[in-house]
Amino acid sequence: MKIKYSIDDLDYVAQQLIDNSTFKTWLFNAPMGAGKTTLIKALAKNLGVKNIANSPTFSIVNEYLGKQGKIYHFDLYRLQNEEEAYDMGLDEYFYENAWCFVEWPKVASNILPENTHQITIEIIDEDTRELNFE
């Protein structure tokens, strides 16, 4: 599924993605500043999270509680290698049947489960993004 959107469309886009989801682990691939964290905040909001914090860039993972249970938001940008991902117990999060939104997943590609959605965001212009949801 491809969707072109602006920030004003985020809640609608987030709900469309949730409604079309078959897996709870989503991998976000996009350049810095494309809106990965902003979209994940909209997804969490649509899943019933009331208080959404900032990006987990420094903590690496944020945990939220939504209407359907736990939601994990990972930002793996600061990890240097797969060993660091294992050391933080990344693989264990995927056994919980929780929603897992992973930014910068490439560093942990061998740890991630097989059944995932790939989300790619392309910057069209300052206000517009194009999302590919597989």
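Helices, as the word is used in these legends, are DSSP runs of H or I with at least four residues, numbered from the N terminus. The model shown is a predicted one.

View 1. Helix 3 covers residues 82-87, and Y86 is one of the residues placed in it. Once neighbours within four places in sequence are set aside, the contacts of Y86 are D91, N110 and I111.

**View 2. The protein chain as a whole.** The protein chain contains four helices and seven strands, which follow one another along the sequence in the pattern β-α-β-α-β-β-α-α-β-β-β. Its radius of gyration is 14 Å, close to the 14 Å given by the globule rule for 134 residues, so the protein chain is as compact as a globular protein of that length. Along the principal axes, the C-alpha atoms fill a box of roughly 40 × 30 × 25 Å. Among the 134 residues, 46% count as buried, and the accessible surface of the protein chain comes to about 7500 Å², with 45% of that area belonging to carbon and sulfur atoms. Of the contacts with a separation of 6 or more, 60% are between residues 24 or more positions apart.

View 3. Seven strands make up an open sheet with mixed pairing, in the order 1-7-6-2-5-4-3. Strand 1 and strand 3 (61-66) are the edge strands, each of which pairs on one side only, and from one strand to the next the twist averages 20°. Helix 1 lies across strand 1, strand 2, strand 5 and strand 7, and runs at about 170° to strand 1.

**View 4. The hairpin of strand 3 and strand 4.** Strand 3 and strand 4 (residues 69-75) are paired in the antiparallel sense over six bridges, and they form a hairpin in which two residues lie between them. In this pairing, G66 stands opposite G69 of strand 4.

**View 5. T25 and the pairing of strand 2 with strand 5.** Strand 2 and strand 5 run parallel and are joined by four bridges. T25 has its place in strand 2, and its bridge partner in strand 5 is C100. The relative accessible area of T25 is 8%, and this residue is therefore buried, given that the limit is under 20%. Leaving out residues up to four places away in sequence, T25 touches F94, C100, P113, N115, T116 and H117.

**View 6. W26 and the largest nonpolar core.** The largest nonpolar core has 26 residues, of which L17, W26, L39, L43 and F101 touch the most other members. At least two residues of this core come from each of strand 1 (2-5), helix 1 (10-19), strand 2 (25-29), helix 2 (36-46), strand 5 (99-103), strand 6 (117-123) and strand 7 (129-133). Another core, of 18 residues, lies apart from this one and includes Y72, L76, V107 and I111. Beyond its neighbours within four places in sequence, W26 is in contact with L17, I18, S21, L43, W99, C100, F101, V102, H117, I119 and F133.

Terms used. Residues are numbered from 1 along each chain as its sequence is written. This is a predicted model: local features need pLDDT of at least 70, side-chain atom pairs count only at pLDDT 80 or more; totals for chains, interfaces and linings use all residues. Side-chain values use heavy atoms; hydrogens and water are left out. A nonpolar core is a set of buried Ala, Val, Leu, Ile, Met, Phe, Trp, Tyr and Cys residues joined through side-chain atoms within 4.5 Å. Buried means under 20% relative accessible area, exposed over 50%, partly exposed in between (1.4 Å probe, protein chains only). Contact means heavy atoms within 4.5 Å. Two strands pair if DSSP finds at least two bridges between them. Axes are lines fitted to C-alpha atoms, for helices over the stretch in contact, and angles run from 0 to 180 degrees between N-to-C directions. The radius of gyration is taken over C-alpha atoms; the globule rule is 2.2 Å times the number of residues to the power 0.38. Accessible areas come from the Shrake-Rupley method with a 1.4 Å probe; for residues, only the protein chains shown count as cover.
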